[in-house]
Amino acid sequence: MLDAKKALKDTARIVNILAVLSVAVPLLLYAIAAWFSYHAHFVDAQRRLESTADVVREHAIKVFDTHLLTTLTVNEILRGMSEDQILSRQDEINRRLKNVIQGLPQIQDAWVLDLKGFLIANTFAAPPGRDYSDREYFKVFQSGAKIVPETYLGGLLKGRFEGSIFFTVATARRDANENFAGVISSSVNPGYFGDFYKQVAETGFSAVSLFREDGAILARFPGSHENLLNYPKWTMLTEKVSANPREGFLDGVKTIDGVERQVAYSRVTGYPVYVTVSMNRSTIIGAWLEQMTTWALIVLPVIFALLGLSLVALRYTRKEAVALERLRREMSLRETSEAQLRQLQKMEAIGQLTGGIAHDFNNLLTIIIGSLNLMQRRMARGETDVIQFVDGAMDGAKRAATLVAQLLAFARKQPLEPKPTDVNRLLTGMSDLLQRTLGGQVMVETVQSGGLWLTNIDANQLENALINLAVNARDAMPDGGKLTLETANTYLDDEYCVTHAGLTAGQYVVICVTDTGAGMPPEVAAKAFEPFFTTKESGRGTGLGLSQVYGFVKQSNGHVKIYSEIGHGTTVKIYMPRYIDSVASAEVKRETS
């Protein structure tokens, strides 16, 4: 009962540990997965932002390249013309300018200023002479600075007359001597960019913008045109650009509208502007939390299920401990009963063996004593012709000695003289003996395997064993038949040896003795090697022949197996370990050559 209590205590402790682990391990795994998922969401967001920024940049390049092409076209129209010539052909030139920008929705208007900043040609039907010299894009080219950009992008403006919101793309107009002759400018509709940026934002981004390199905003979604005029310059972008002017990533910064975002930026090649694509940190964290919630809906039921199972296991621990103690007692009783049964079986076997020995020795002693009594009577009468009685007594004694040898062989106590033996040569030498022993009704055939290994055995005892098997085979073929002795090399693996106690895996020489007799049923074959077991009638055997074979093979570290089927004969296989001493093998080969 103490064992049951100890088992109960140990089991309860284990179940309690399992209960804690059933909660702690899933939660720990959930926390680790959440940590990796959190970082994975931000890494994925950065990858998407950077790839989308490349797309937005390519869009801006195409738009600005279109403006550049428009400017070049206007330059070609005005090439070689003076201001007076342009003014004299103003209607024609204005019409041609309209044709140039027709079909380009990103360009609202185009106009040409002279070197003093006065309007001389345009697409919005304004009379010439308007003064635009105060515009930033004009001052840049008029300043005469040594470093003047080929293309200048102005900030967002509100038209003086029509009131529309735009930003300008301007280039200097040169005369035939490459001197400054005025400015060719076009107004860009930020709504054109805004429409595209809206489509981009709808794929999962919070804001898409176009900035000048000084941080001034040119276009953005979300945000109306009027609101864009009120946005300040984004100085954080300019600071980041100074460190990495081509492209980069801003991790969790507040943008111009005060919202904390992840931002990827990229410079528009050939122009002093940048595109940015951003995503709210709250959006990324929200997606992560949504995933964590989904995982939690999976993990929590698992935790509760494991915890419930642990509690159920703890609940049944007491019953199991009691049942275990009951089972232990029953097993103890069963083991006691089995031990008693084995003892009875041993005693029965000893009784059978003793009875068999006593019976056979009694028969032999009867022959010996009877012969000696007859010899004594005759000698008492003075007769000297007692040789036949001496022979009878000697025959009985010899048979007794044979019986003792057979018993020693079964007990594996007979003296053996093993030496490396070529079984093929042994079978060849005893083939005539076997044929004479079996008579003419039984045909003997030997099938010898080439390259047969040597085996370390007592050759004389092996011959006796084979003769015993041959005699048994002859008795199983009363009307004649065929006896086949076959040799081969084989290997017994671990799987086979596990099912046969005392057998070691390795290389073996196998001798198969096969007859074409009546065969044996399974229950008879199972007892074939038991001492004094025989199916022959009285007087035709002691029942020790196969027992002697079994004892000799086991004493030689070998293995014997019998296969039989009613009507299909019997095969006895003797396995002897391969002899692998190369020096001794060479000597045997020299002796037998």
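Let's start with Arg 212, which is buried, at 10% relative accessibility; here buried means under 20% relative accessible area, exposed means over 50%, and partly exposed lies in between, using a 1.4 Å probe and protein chains only. Its salt-bridge partner is Asp 214, with N and O 2.9 Å apart. By salt bridge I mean a side-chain nitrogen of Lys or Arg within 4 Å of a carboxyl oxygen of Asp or Glu. Asp 214 is partly exposed, at 29%.

A quick word on what you're looking at. This is a predicted model, where local features need pLDDT of at least 70 and side-chain atom pairs count only at pLDDT 80 or more, while totals for chains, interfaces and linings use all residues. Residues are numbered from 1 along each chain as its sequence is written, and side-chain values use heavy atoms, leaving out hydrogens and water.

So, how many salt bridges does the structure hold? There are 10. Another one joins Arg 57 to Asp 54, with the closest N and O atoms 3.5 Å apart. These two sit 3 residues apart in helix 1 (residues 2-78), so about one helical turn separates them. Helices here are DSSP runs of H or I with at least four residues, strands are runs of E with at least two, and both are numbered from the N terminus. Arg 57 is buried at 15%, whereas Asp 54 is partly exposed at 30%. Together with Glu 58, they form a network of salt bridges.

Finally, please find Arg 281, whose salt bridge to Asp 251 has its closest N and O atoms 3.8 Å apart. Arg 281 belongs to helix 8 (residues 281-315) and Asp 251 to strand 8 (residues 247-254), so this pair ties together parts 30 residues apart in sequence. Asp 251 is exposed, at 55%.
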